[in-house]
Structure formats: structure tokens, C-alpha cells
Amino acid sequence: MQSSWMADRLRPVGRVIAATVCGFLATALVLVLFYRAGGLEEVMPPVVLAGEALQLARGEGGQTPAGLEIRKSGAQGLSSVQGSARMVRASIYHRVSWQVDGLESGHKLRLIWSTLAEPDTVREVLLPVVGAASGTFDLATQPSWRGRIAVIGLVIQGSLARPLVVRRLELVPKMLGVAELARMALTEWTAFEDWSQRSINFTAGAPLDALFPPVLIVALWVGFSMVFLALFGQTPRALGAWKSYAALFLLGWLVLDVRWQWDLSQRLVKTETLFAGKTGDERTLAGAEGEFYQFLLEVRRRLPREPVRRLFIVSTTPGGYWAGRARYHLLPHNGYMGFLQPPAVGTARPGDYVLILSPLPGVRYDRERRLLMWAGGGQLPAERLYAAELGAVLRVLGE
């Protein structure tokens, strides 16, 4: 009698376990079939930078209906354009294509990029040019093509007999095999998400463009498990069946909560290691902005005690994060953002200051003539007060 009672009690448990396993296998199969059938392009579409999405960083030209036109090269015969790569993963997006009208066999074409981890380091690779207006190149073999790609662009070296028109620059994701999808799922589920500017109680649990976001995966898993539970005879209308369905729901909830608690514990360990026992500037220097903040401390030492009238902040991303942080950390000085190149004479007046955030292609300082110079013939009389790898600060002089 007792063994019969135990068998009756264990039977629903066995059904739940079997439904859980089958639900997991069904979830994996559906996701693999979806991505292999073309769903990857919906989740991760090609990154297309047409003419209007590109900026001219070196040389002279402007936007046209056909694309970004380069009419005159910059210093040393170099012209460059760049745009946002939307933080795509290099491991997936490694085929680049371009379309540039006016290229000649004597021109050298280079692809340049910077990553999220090293935004101040510009990497490059020489692209094949045989006189054609378009081409493709596989970046999979490039050791520096890794991580998250933040900015991407083209550099054209050579004199221009006629204007160049950059029509498009495109990054295309590769088709992933079953083994690659499995590795990516494991990587995403074990990825550590550091503190961000969002709520301290929020965690995405995976990259923002994840192929296997935890909430969606668990929802599919629990949903399929409930379907299999019903097929195994544990229908929702059966007596006491609600307990089995509730157990599946709570199991999915528990998996998500364990993932969140693990991520939170990793954050706490890192926070204690970095900031325990530190105060004030020590904490800021120990954080993610430590190197940048140290640079700004040196800049502040070169500025007057009283708030300067105008401090022009020049950056390749004038409305971006680093320009904003520079303006914040240098308060109460009157920082002005929104400059892709140094302000011209008339806009900047004697006594104003200019902060250059590197990298800023085409800008150089002539120490002997005390001139800040940039592409297109721009010049500004200025005294350089401090220069480092992250940038420089200058005081505008009278003509």
C-alpha cells in the first residue's frame, strides 16, 4: 500500500521533469531553426552607413544627393569619413563592403575603426583597390577586429583629380552554425554585466543585442514545458494539476532570479575591490573614468581659478558621452559642446579656452607659430597649456 502511494506521488513529479527536459529541447530546436532560416538578419540586420550617416573627418566636401562628396583632400593627401557602427559585435559582423565613386588605382583605401573597450585607439587595415567603385573584405582574420565596434570609417590616401563620392559603407553579419549558436548562448548567459547608469536594481542579464535574452528563453522554455505536460496527461483540468503548472512557472522564475543574484554578487565583489576604503577623488580615479578624470584634473590645473568665460570642447562625437563628462567634471567653467573642429577666429576670442579630446584627425598644433591648425586651412592663434594622449587644452591668443 505504501509503495503504491509513493508511485502515485512520484508520477506527477516525473511528468514535470520529462516536460521540463522536452520543453528545453523544443526551445533550442525552435531557436536554431529560426536563426538558420533567416531570423538572424531580423535580430541583427546589416549596418548600412549611407552618405548622410557619415561625417567628413579630414578633407573638404559635403553632403550631396548621391552621398558624401570629398572635393579636396586634407593634409598629406589624406581624406577620411566615419560614422557610428552601433556597437556591433565583431565576432558576428566581419564582412565589410563599400561603394566609393571616383577611386583610382593609385589611391590607397583603408578601413579604420575603434572599439567600445578602446575608444581612443584607432585601428586600420588596407583594403584592396583595383579601380572599382565597390568591393568587399573579410575581417575575420584581423586580430584587432574584436569586441564591440563603436566607430568605423574609411581613409583615402592620394591626390584627388576629381571629387570622390562615398555612397555607402556596410557591415554584414555572418551565418552562424549550430555549434556557434550554442557557444554564443553560453557566452551570453555567463556574461558579466557591470554597473551602468541605469538603476542599480536593473540587469539585462545579457548583451542588449543578445540572440538568447534570458526572459524570452525562459518564457519559451516554460511555455513549451506546459504544452508537453498537457500532452503527457497532466491536463490543466485534472485534479491538482495546477500545482504542476505552478511548479514550472516558479522554476522559470527561480532560474532568472539565480542569474540575477549571480550577476549582482559579481558586481558587489568588483565594487568592494575597486572602492573599499577610498573617498572623493580616489573613488573617481578608481572607476571606469579614472584615466579620463586624471586627464581632466591636469586640465583643470591649467585653467584659472575663476570660471573661464568660454571653454570650447571639441570632439569627434560632440554630443557624446565623453564630451558631456568633460563638461561636467570641469564645472563651474563654462563648457560649450557641439564642436567637430576647433572654433574659427571670431567665434573664439582672446582669453577663451579650447579643449581637444583625442582622437581628432586632421588637427595639429604648430608650437613655433603658436597656431592650432586643422583640415581645410583653419587656423587659430593659441597657446598650448597641456597635452596628453587623451587630448590637449589651449588658450586663445590675439591675432
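Reader: How many helices and strands are there in the protein?

Author: Remember that this is a predicted model. The protein has seven helices and 18 strands.

Reader: What does the radius of gyration say about the protein?

Author: Compare the value with that of a compact globule. For 399 residues, such a globule would have a radius near 21 Å. The protein has 28 Å. Now take the box along the principal axes. The C-alpha atoms fill roughly 105 × 60 × 35 Å.

Reader: How much of the protein is buried, and what does the accessible surface come to?

Author: Buried residues are 39% of the 399. The accessible surface is about 21900 Å². Carbon and sulfur atoms hold 58% of that surface.

Reader: And charge? How many side chains are positive and how many negative?

Author: There are 43 positive and 33 negative side chains.

Reader: Why does Ser 144 count as buried?

Author: The cut-off is under 20% relative accessible area. Ser 144 has 16%, so Ser 144 is buried.

Reader: Which residues is Ser 144 in contact with, leaving aside neighbours within four places in sequence?

Author: Trp 113 and Arg 123 are in contact with Ser 144.

Methods:
Residues are numbered from 1 along each chain as its sequence is written. This is a predicted model: local features need pLDDT of at least 70, side-chain atom pairs count only at pLDDT 80 or more; totals for chains, interfaces and linings use all residues. Side-chain values use heavy atoms; hydrogens and water are left out. Helices (H or I, at least four residues) and strands (E, at least two) are DSSP runs, numbered from the N terminus. The radius of gyration is taken over C-alpha atoms; the globule rule is 2.2 Å times the number of residues to the power 0.38. Buried means under 20% relative accessible area, exposed over 50%, partly exposed in between (1.4 Å probe, protein chains only). Accessible areas come from the Shrake-Rupley method with a 1.4 Å probe; for residues, only the protein chains shown count as cover. Lys and Arg count as positive and Asp and Glu as negative; His and the chain ends are not counted. The place of a charge is taken as NZ of Lys, CZ of Arg, CG of Asp or CD of Glu. Contact means heavy atoms within 4.5 Å.
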